[in-house]
Amino acid sequence: MLHVAYLMPLFPLAGFLVLVAAGRRIGDPVAGWIGTLAVAAAFVVACLTLGGLLNQPDAHRLFVHDYFTWFHVGGLNVPVGILVDPLSVTMVMFITGVSMVIHLYSIAYMKGDPDYPKFFIYMNLFVFSMLVLVLANNLLLTFVGWEGVGVCSYWLVSFWFHRDSAASAGKKAFIYNRIGDAGFLLAIFLIFEKTGTVQYTGGPGGGIFGQLHHLGGGTGTAAVLLLFLAATGKSAQIPLFNWLPDAMEGPTPVSALIHAATMVTAGVYLLCRMNHLLALTHAGMEVIAIIGGVTAFVAATIACAQQDIKKVLAFSTISQIGYMILAVGSGAYVAAIFLMVSHAFFKGLLFLGAGSAIHGLDNEQDLKRMGALRKTMQWTTITFTVGWLAIAGIPPLAGFWSKGDVLDNVYSHYKVLWFLGLITAVLTAYYMTRLQVLAFGGEPRWDKIGPHGEPPLHAPHESPWVMRLPLVILAVAAFFGGLLDLPWIHHDSFEGWLGPVFAGSLYNDHLHAGGEWALALTDLAAALIGVIVGFALWRGAQVDKPQLEPQFLQRVWYWDDFYDALIGRPSQKLATFCAWVVDVRIIDGAVNGMASVVRATGSATRKLQSGYVRNYALGIAVGMAALIVFLLSRTWWS
Amino acid sequence: MIGALLAASAPTVSSAADRIPIPSIRYLSIMPPIIMIGGAVLLLGLASLVSRPLRVRVSTIGSVIISGSALGVAIWQWTDVQSHGAHTYIAHAVVMDGFSVLVTMLIAIAMLLTALVADGYLTREGISGAEFHVLALVSAAGAMLMGLANDLIIIFLGLEILSIALYVLTAFNHRRAASGEAALKYFILGGFSSAIFVYGIALTYGATGSTNLTQIADYLSKNVVLTNGLLLAGLALMLVGFAFKVAAVPFHMWTPDVYEGAPTPVTGFMAAVAKAGAFAALLRVLFSSLGVITSDWQPIVYALAVLSLVLGAVVALRQRDVKRMLAYSSINHAGFILLGVEAGTSRGVSASLYYLFAYMFMTIGSFAIVTVLGREGDSDHDLTRYRGLAQRQPLLALCFAVLLLAQAGVPFTTGLWAKLEVVLATVSAGAVPLGVIAMVSAAVAAFFYLRVAVLMYASKPEVTGETGESGDEGARPPACPDPGAQIGWATPQAASGTVTTLNAELLLAGEEAAPSGEAEPTVVRVPALTGVSIGLCVAATVVFGIIPAPLVDFANRATLLFLGH
Amino acid sequence: MSLSAGWYLGLAALVFSIGAIGLLVRRNVLIMFMCIELMLNAANLTFVTFARVLNDIGGQAIVFFVLVVAAAEVVVGLGIVVTNFRRRSTTVADDLHSLKG
Amino acid sequence: MTHSVPFLTLLILLPAAGALGLALLGFDRRFNKELADALGILVSLATLVIAVVALVTMKEHFGGYQLVSNHTYTGEALGVRWFLGVDGISIFLVLLTVVLFPIVLLLGQSKTNSRAYAAWMLLLEAAVLGSFLSLDLIVFFLFFELTLVPSYFIIAGWGHERRAYAAVKFFLYTFLGSAFLLVGILALAFIHQSQTHVLTFSLTALEHTHLSSSTEILLFLAFTSAFAIKAPLFPFHTWSPDAYTEAPAGGSVVLSGVLAKLGTYGIIRFDLNLFPHATRTLAPLILTLAVIGIIYGAIVACAQRDMKRLVTYSSLAQIGFIALGTFALSTQGLSGAVLLMLNHGLIVGGLFFVIGFIYERRGTWQTGELRGLQKVAPVMAGVFTVLMMASIGVPGLNGFVSEFLVLVGTFLTHRWWAVVAVIGVIVAAIYLLWAYQQVFHGVPKPEDEKTRDLSWMERVAVAPLIILIVFLGVFPKPVLDRIDPSVNELVAHVEKATGHYQPAVATRGPAAAEGRP
């Protein structure tokens with residue numbers, strides 16, 4: 001059944017081509033349904049592949065097949081082929097699943113938009129690229145998917161291009177991704193130079209993982225760090241993370257799909273895929289862990305001070321991915337993947353819930369103008385509450401188990417980062433509770449004049465069933481997500497399923513049962529503290545609490561201004577200097593200068609021609625004298 | 001024919017003892033000059049018999065026939081040389097080899113083309129009479145004489161016949177003040193340089209004991225002359241004479257004034273024929289007789305070449321009068337031919353000959369077009385008059401563009417093959433820097449050739465900055481560069497300041513109509529014969545450019561009888 | 001008393017340079033003609049001297065060619081001067097400087 | 001290896017004859033405009049057909065010169081031979097030329113005096129094809145310089161305000177460069193003659209002249225100065241902004257798309273073949289210039305408010321990439337450079353076409369004066385997006401494959417140059433996206449409203465470029481398989497001559513890595 005795997009990317013591609021050809025004519029709802037069906041078909045194929053892989057014995061759950069050669073120059077052979085193993089199937093399952101749900105949701109959400117078909121064109125192309133990224137059997141094909149999702153995120157973020165902020169947000173997202181991609185390219189070159197191949201496994205010499213002995217020492221670390229730079233670009237980690245909050249300019253389903261569930265996890269997937277390489281360098285792993293932890297903490301602090309509902313969720317995503325990177329950094333790949341899957345569910349749920357709230361309150365995103373939505377939007381409130389509890393880490397929901405698993409593993413390696421993780425867990429619970437209370441609890445604020453004198457909003461209304469159904473599905477998934485990897489059942493749990501993929505490089509967290517229970521309790525305590533503090537502080541009618549939302553945090557630790565000052569303005573001045581001074585004045589000036597020098601000598605010698613006969617005769621006489629002197633002088637020497 | 005006359009009248013006097021030996025004369029070797037001079041005399045007489053208005057047309061036809069027959073004889077000579085080999089005749093004073101035949105052909109063709117151009121010119125200027133054609137034929141004969149001379153004195157005679165006829169031709173159009181002045185300047189300086197030349201011959205005669213080139217060569221090769229001061233002084237003075245005639249810098253001062261002053265057909269004739277004759281003589285003197293002391297005269301020719309190349313190109317940039325511009329461009333061409341002379345090898349000779357042949361077509365064609373465009377009074381030569389010529393007379397403009405671009409050395413024209421051969425010759429002789437200077441000067445020269453093309457193909461003068469109508473349609477706001485992010489010192493306007501002045505200067509947008517006050521240059525009628533001559537020149541330049549084999553082979557087989565070292 | 005050829009050559013050279021300098025210095029066109037004649041005759045003197053030294057009749061024959069050429073030049077030259085004189089009634093070479101640049 | 005049918009001579013003579021026919025057609029009064037336009041397009045399409053037939057008849061896995069025709073041209077005196085041949089490196093440049101020119105002619109119909117425009121274009125096509133096909137140095141030089149005349153008249157005749165200055169500057173700058181080239185060719189031929197007593201200019205013969213290192217470097221500089229000006233490489237590029245901006249749309253396409261390739265092709269064909277040692281010793285210098293070109297081109301492009309100048313500087317950066325690939329002297333680098341020449345031709349051609357369409361509608365190409373065109377002209381925006389993405393190097397479009405190969409090739413032999421060049425890739429995205437946002441995004445102002453979308457003819461004109469860009473991006477294998485043999489031979493030639501060998505990985509891939517301990 002594994003041979004059917006190559007169909008997965010082809011269905012969204014087919015959807016994309018159909019919509020490009022006939023999108024405009026099909027119009028509003030039908031285009032959406034075609035897009036959704038394409039992704040659903042991919043989901044079905046994913047299930048078949050999962051089934052096919054499950055009934056393979058544990059040892060060889062690996063299917064690598066090349067379909068055709070993309071290009072073959074000298075020693076560099078780049079095939080187009082797929083690699084199906086538990087890791088890629090897990091990724092494919094939640095990608096197609098969540099995408100299908102979000103496509104369904106956006107049929108209603110995007111109703112009435114003039115560019116309705118174009119939206120689904122981009123969404124299908126995105127799913128295709130994501131599947132190519134995950135299923136590719138070589139670094140270059142992964143890069144194709146990698147860039148593909150970057151381009152689609154550019155198109156989707158700047159979907160409402162008539163808004164300047166959306167257009168420049170899309171540009172910013174694409175450029176930050178390109179900086180990461182440059183790192184990816186350099187990593188590919190380095191790996192090719194040392195191993196002579198770009199294929200993960202298979203092919204002559206056993207692919208990259210067969211040639212690992214060439215990648216030891218400095219080059220190995222360099223390759224890992226470059227790949228990590230790519231991951232920070234795509235998964236929005238410390239150096240390159242401030243494109244994600246601006247990417248919220250895009251429609252909410254886009255934020256849900258791309259900036260919560262799938263694209264941002266691509267970086268984590270890449271690091272997991274290259275785990276054998278990571279295992280070679282201890283220094284590399286440390287750097288990854290530190291940056292992951294720090295990002296999680298920083299993002300969590302910023303989330304506490306955001307007013308826009310989507311911005312809070314965006315920073316929460318960055319924080320959760322920080323957790324995943326932290327897990328990868330401490331060798332707990334399975335925990336990272338488990339958190340990724342569960343995060344996809346509850347973060348998708350939260351975004352869609354927020355989307356439905358925004359949709360209901362005629363596109364108002366400011367928390368300070370919401371309030372008491374629970375009275376009119378019951379379905380959204382219930383599902384949102386499940387999402388809130390899950391992410392806060394309240395048992396028995398998915399968040400508790402996955403975050404707990406990550407923190408357990410981190411505890412056994414980096415005590416400091418574990419403590420930082422714990423603080424972040426508290427912050428997470430706090431800001432999610434703040435959001436829940438501001439949006440759904442307390443008194444209605446949408447009927448008053450807005451902070452900048454906007455007119456009062458109409459009463460919120462519940463979203464249609466097409467939007468509510470996805471919420472329910474994701475709520476159920478978020479609720480039961482934890483069952484995938486319960487700590488005490490080992491056999492067919494998540495660990496068992498993914499174990500063989502990370503065979504060599506897994507760190508086993510040798511914690512005795514008692515230790516695990518203790519850690520579980522501390523996690524629970526952190527979650528409860530966060531929730532209680534959140535409730536206490538934000539329950540009242542008074543919503544403007546400047547001391548709780550310091551300017552420092554609202555301006556994203558002045559990170560944007562720092563980049564602008566460090567890179568933005570100086571490069572602008574340099575560009576203008578180069579363009580108008582170096583190019584026009586110096587280089588072109590030299591050329592024009594030479595031309596005018598020639599013309600100047602021309603007019604100078606022209607004056608010699610005085611018109612008087614005697615001057616001409618003098619010219620001849622001087623010439624004659626010169627010749628005679630020259631020739632006679634030869635007789636003196638020779 | 002004269003010999004027969006004399007022989008008939010002398011039998012009474014002869015006695016065995018005092019018979020004066022006459023050198024055996026092979027008339028074929030000097031037939032072309034004889035035809036030219038004889039024809040000229042006949043033409044003079046014949047023309048006086050014809051009524052006044054017809055005189056010009058008759059003399060044109062006459063001179064075409066004469067130069068045609070000279071050309072025919074030259075071809076006959078060529079077959080004779082190819083079959084029986086090259087020899088010296090008439091007591092070694094004259095030589096008939098491939099070299100001299102080619103020079104003769106070149107001059108005959110030049111004469112033919114000039115006669116056609118002159119016909120239109122003379123009728124337009126209202127000058128009747130055959131004097132123009134007679135004088136031209138005589139000077140052409142002088143040039144031929146220089147080509148086939150193997151004796152310094154014959155060279156001197158040829159030079160003088162050529163020059164004196166040209167002095168008169170320069171003063172031909174007495175209605176133009178400039179013509180008289182140019183003639184006077186040319187006469188004084190010409191006389192001065194001929195005197196120097198003769199003195200040079202005298203010294204060389206003293207040093208080597210003979211004025212015959214072959215004997216000089218034998219003399220030099222036999223005894224190694226330790227202190228040949230006398231010879232070198234003679235050589236120096238002779239080089240002055242040649243350099244003057246060839247218009248190499250620093251002896252070029254006369255060229256611009258004379259070329260501008262002289263009637264335009266005469267300028268064309270002078271540029272082609274005088275240069276051809278002088279270079280032929282120079283090549284023969286330097287290569288055949290003074291081949292042994294090449295190391296002495298090579299640096300001089302090197303210096304002359306560099307100066308001519310650079311000054312010719314640079315000063316021409318600033319010229320506003322087409323004739324003066326073409327004068328300086330002819331100095332530049334002289335520099336190129338000197339490249340071939342500097343090489344000192346047989347390849348150098350054939351390269352220079354090819355260049356002369358190609359240059360003849362280009363220069364006579366260009367001056368023919370300038371003659372036509374000079375309108376009544378032959379004084380309308382300001383560059384601004386050429387603006388928009390392509391719209392008014394597309395074919396004439398295209399011909400002029402082709403000839404100018406050929407002179408610049410654009411591919412698939414004889415101009416390029418000429419430059420290529422000459423540079424190959426000098427590079428093969430080891431003077432690579434000279435080759436580089438030559439090609440760089442060609443690049444500089446290309447500017448003023450192009451400037452004329454720009455003017456011809458530019459549309460209305462953009463004085464007011466609104467764009468010409470050719471090339472873009474619809475309402476067009478001038479798309480000036482948007483200032484955008486401006487830093488004090490780097491405003492786009494300031495930066496592109498110099499550029500717009502260059503642009504305006506190129507299109508001479510500043511000046512309005514020429515001083516002759518004619519508001520808008522009208523369409524000019526091209527006389528039939530002049531059209532034929534222009535057509536022949538352009539055709540030769542392009543056809544021999546695309547198919548270079550025949551002309552290149554011909555120039556290559558036109559070797560000197562005796563190559564010194 | 002007999003003079004060596006050098007003397008004659010020296011004299012010829014002297015006459016030649018006088019002619020050359022004369023042409024450079026003097027303003028009047030006719031005087032310039034004379035200077036050219038001087039230079040030509042200096043050449044004749046040199047020819048005759050070398051003919052005598054080399055005992056070769058050719059040198060002396062050449063003198064006649066030079067004389068003929070000189071005569072022709074003068075005829076043509078005076079003709080040109082007359083046409084210019086009719087126009088501008090001056091024989092000073094410096095007045096004729098309209099062609100320049 | 002010759003072939004019965006003289007394809008290559010036909011390829012050159014057909015457009016030349018077409019140009020002559022159109023020129024003469026102008027002089028009889030009865031000609032009508034449509035007939036002239038149709039004839040022009042017909043001739044260029046016929047050339048396209050011949051080129052495709054030539055491609056098909058060529059053998060795929062053969063590195064040497066094919067379809068060779070070798071006749072005497074100037075007799076034995078000068079030894080110049082009509083020696084044409086095509087191999088993996090030049091066949092795709094020929095195809096690029098024959099694809100672009102029919103489109104230019106198709107769009108040239110709307111020009112005033114379109115008959116003369118078509119005549120000059122056909123002459124230019126003949127000259128360019130002549131340069132790509134000739135293997136005799138002098139014949140190459142002839143065609144190389146002949147390209148100047150028609151492009152000069154196209155810019156001067158149909159250009160914009162400062163066309164006179166731009167045309168003359170373009171002509172003289174390149175003419176000066178080719179002056180050094182001519183002296184270099186003649187000096188090389190003379191040295192060859194002094195060694196073998198045979199005066200010939202054919203590349204295959206001159207390859208074997210052994211030169212002292214100093215002469216070889218001097219000759220290398222003479223050749224490369226002409227090609228660097230034509231390309232244009234970094235310090236010699238200041239004529240290109242004027243020439244491309246002031247030229248009419250069709251002129252800019254041909255100038256940047258095809259004529260620029262003459263420079264880089266000349267470097268690959270003549271510099272590497274004739275002067276391997278000098279190439280090896282001067283490689284770091286040229287690589288540095290190339291990298292500066294990449295970064296400098298990208299930076300200056302960021303400051304441009306004029307779309308044509310922006311595309312000019314972006315093509316300066318792309319040419320820097322080609323030079324980078326060439327002087328990396330590795331199999332991947334050189335194949336990438338050859339492929340990038342083809343891809344860049346298509347991309348920059350397309351970009352200038354679209355800018356030309358915008359100019360026809362709005363009379364300006366200043367980003368400041370255009371706003372929100374995506375809403376008003378979605379198809380044009382779509383085409384521009386594909387071209388932009390290809391230029392940035394997004395995988396799936398043709399820019400990526402060639403850029404990747406160039407960077408990999410350079411990384412293997414000259415690591416740190418490749419690292420800096422990758423930065424250029426990032427900056428490339430910045431200015432293109434910025435320009436796209438300025439022109440296509442945002443709310444259209446009233447005068448933007450009336451900008452009509454692409455007419456059917458414009459779509460037909462741009463369609464082949466888009467199709468080729470996507471096809472070459474998804475499936476470049478057939479093209480690379482034809483480029484590879486010739487590139488391998490050339491790299492082997494340079495390596496054998498200089499003794500320096502590229503890392504084994506570049507040629508044997510994983511097998512090589514296996515060998516090492």
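Begin by selecting chains D and A together: their contact (heavy atoms within 4.5 Å) takes 71 residues from chain D and 57 residues from chain A. This is a predicted model, in which local features need pLDDT of at least 70 and side-chain atom pairs count only at pLDDT 80 or more, while totals for chains, interfaces and linings use all residues. Residues are numbered from 1 along each chain as its sequence is written, chains are lettered from A and ligands numbered from 1 in the order in which they are written, and side-chain values use heavy atoms, with hydrogens and water left out.

Between them, chain D and chain A bury about 5,300 Å², of which 69% is on carbon and sulfur atoms. Buried area here is the accessible area (1.4 Å probe) that two parts lose on being put together, summed over both.

Next, display the polar contacts. Chain D and chain A have 13 residue pairs in polar contact, both residues at pLDDT 80 or more. A polar contact is a pair of N or O atoms within 3.5 Å; within protein, one must be able to donate a hydrogen and the other to accept it, and residues adjacent in sequence count only if both atoms are side-chain atoms.

Now select residues 415-440 of chain D. This is helix H19, which gives the most to the side of chain D that touches chain A, with 12 residues. Helices (H or I, at least four residues) and strands (E, at least two) are DSSP runs, numbered from the N terminus. By class, that side of chain D has 44 nonpolar, 15 polar and 12 charged residues. Ala, Val, Leu, Ile, Met, Phe, Trp, Tyr, Cys and Pro count as nonpolar, Asp, Glu, Lys and Arg as charged, and the others, Gly among them, as polar.

**The salt bridges**

Over all chains, the structure holds 31 salt bridges, each a side-chain nitrogen of Lys or Arg within 4 Å of a carboxyl oxygen of Asp or Glu. Three salt bridges are counted between chain D and chain A.

Select Arg371(D) and Asp164(A), which form a salt bridge with the closest N and O atoms 3.1 Å apart. Arg371(D) lies in the loop between helix H15 (331-362) and helix H16 (373-376) of chain D, and Asp164(A) in helix H6 (residues 164-195) of chain A, so the pair joins two chains. Asp164(A) is partly exposed, at a relative accessible area of 39%; buried means under 20%, exposed over 50%, and partly exposed in between (1.4 Å probe, protein chains only).

Lys172(A) lies in helix H6 and Asp560(A) in helix H23 (residues 559-608) of chain A, so the pair ties together parts that are 388 residues apart in sequence. Lys172(A) counts as buried at 19% relative accessibility, whereas Asp560(A) is partly exposed at 27%.

Move to chain D for Asp448(D) and Lys445(D), a salt bridge with the closest N and O atoms 3.7 Å apart. Asp448(D) is buried at 0% relative accessibility, and Lys445(D) is partly exposed at 29%. Then select Asp588(A), Arg162(D), Lys169(D), Asp242(D) and Arg309(D), which salt bridges with shared partners join into one network.

**Chain C**

Finally, select chain C, which has three helices and zero strands. Its C-alpha atoms fill a box of roughly 55 × 30 × 25 Å along the principal axes. Of the 101 residues of chain C, 40% count as buried.
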